[in-house]
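The sequence and the structure come first.

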Amino acid sequence: FFFKPYGTSNSQVTSRNKQPNTQQYNQQDYYPRMEEENGIVKLVSKEGDVWEVPIAVAKMSTLVATTIDDDVEEDDEVREIPLPNVKDAVLTKVIEYCTHYKDEPMTPITTPLKSSKLEELVQPWYASFVKVEQALLFELVTAANFMDIKPLLDLTCLAVSVMIKGKQASELRAIFNISNDFTPEEEAQVREENKW
């Protein structure tokens, strides 16, 4: 067994992109519906910890679903799926999210946003799920993007957008750990040139 990133070769990526999307969607035609599927898949975190997860839950991740489907086509045996970009603590939260989503799917986030309060945009469980430390929230965004879990990526990005709304440039630099390359004079000049 040789694991290829995302479970595909270059030729498979090209041919896969030409095929129509066959995922089933819920009534809002936005987030994929979780199909009932038996079995367990082993997800391996960056630290090497192994998590046994029901296939139906793990397949919320397009990365995992593609890898499982490719493995099944090869030898009908699902193997461990390494997730080298996902820390153990983050993978625990991702699995918690996907497990809950199976029982209570998150309502799609519509734009423009009707409110700046998470509780008014998604169900209470999902709003409290993203009330975590800033570092963990950013790692959840990265993991959702890497694992290709669209509803989790939407939720975590929403939480970040709510967190930064109304902040000054200096506050945003602190939040995102961005150094200020402008002198005060240069910053004043840029502000003057870009007045609204």
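## Arg173 and Glu187

Arg173 and Glu187 are both buried. The model is predicted, and the distances and areas in this report are computed from it. For Glu187 the relative accessible area is 19%, and burial requires a value under 20%, so Glu187 counts as buried.

The two side chains form a salt bridge, with an N to O distance of 3.9 Å. Arg173 belongs to helix α8 (residues 169-175) and Glu187 to helix α9, so the bridge ties together parts that are 14 residues apart in sequence. Helix α9 covers residues 184-193. Glu187 also makes a polar contact, side chain to side chain, with Arg191 at 2.8 Å. Arg173, Glu187 and Arg191 are linked in a network of salt bridges. Leaving aside residues up to four places away in sequence, Glu187 touches Arg173, Asn180 and Phe182.

## Other salt bridges

How many salt bridges does the count come to? The count comes to seven. One of them joins the side chains of Lys59 and Asp69, at 3.0 Å from N to O. This pair links distant parts of the chain, 10 residues apart: Lys59 sits in the loop between α2 (55-58) and α3 (62-75), and Asp69 sits in helix α3. Lys59 is partly exposed, at 21% relative accessibility. Asp69 is partly exposed as well, at 37%.

Glu119 and Lys131 form a salt bridge in which the closest N and O atoms are 2.3 Å apart. Glu119 is in the loop between α4 (88-103) and α5 (124-129), while Lys131 is in the loop between α5 and α6 (134-147), so this bridge ties together parts that are 12 residues apart in sequence. Glu119 has a relative accessible area of 42% and is partly exposed. Lys131, with 54%, is exposed.

## The nonpolar core

Which residues of the largest nonpolar core touch the most other members? They are Leu83, Val94, Tyr97 and Met147, in a core of 42 residues. At least two residues of this core come from each of β1 (40-44), α2, α3, α4, α5, α6 and α7 (150-164).

The contacts of Leu83 can be listed by residue. With residues up to four places away in sequence left out, Leu83 touches Leu43, Val44, Ser45, Lys46, Leu63, Leu91, Phe146 and Met147.

## Aromatic rings

A search of the whole structure finds six aromatic pairs. One of these is Tyr97 with Tyr126, an edge-to-face pair with 5.5 Å between the centres and 65 degrees between the planes. Tyr97 lies in helix α4 and Tyr126 in helix α5, so the pair ties together parts that are 29 residues apart in sequence. The relative accessible area of Tyr97 is 0%, and the residue is buried. Tyr126 is also buried, with a relative accessible area of 0%.

Tyr97 and Tyr126 belong to one aromatic cluster with Tyr101, Trp125 and Phe129.

## Backbone features

Thr111 and Pro112 are joined by a cis peptide bond, with omega at about 0 degrees. Pro112 is in the loop between α4 and α5, the loop that also holds Glu119.

Asp148 is not a glycine, yet its phi is positive, at about 60 degrees. Asp148 is located in the loop between α6 and α7 and is partly exposed, at 39% relative accessibility. Asn177 is another residue other than glycine with a positive phi, near 55 degrees. The loop between α8 and α9 contains Asn177. Is Asn177 buried or exposed? At 71% relative accessibility, Asn177 counts as exposed, because the cut-off for exposed is over 50%.

How values were computed:
Residues numbered from 1 in each chain as written. Predicted model: local features only at pLDDT ≥ 70, side-chain atom pairs only at ≥ 80, totals over all residues. Heavy atoms only, no water. Helix = DSSP H or I, 4+ residues; strand = E, 2+ residues; numbered from the N terminus. Buried < 20%, exposed > 50% of the residue type's maximum accessible area, 1.4 Å probe, protein only. Polar contact = N/O pair within 3.5 Å; in protein donor to acceptor, adjacent residues only side chain to side chain. Contact = heavy atoms within 4.5 Å. Salt bridge = Lys/Arg side-chain N within 4 Å of Asp/Glu carboxyl O. Core = buried A, V, L, I, M, F, W, Y, C linked by side-chain atoms within 4.5 Å. Phe/Tyr/Trp six-rings, centres within 6.5 Å; stacked < 30°, edge-to-face > 60°.
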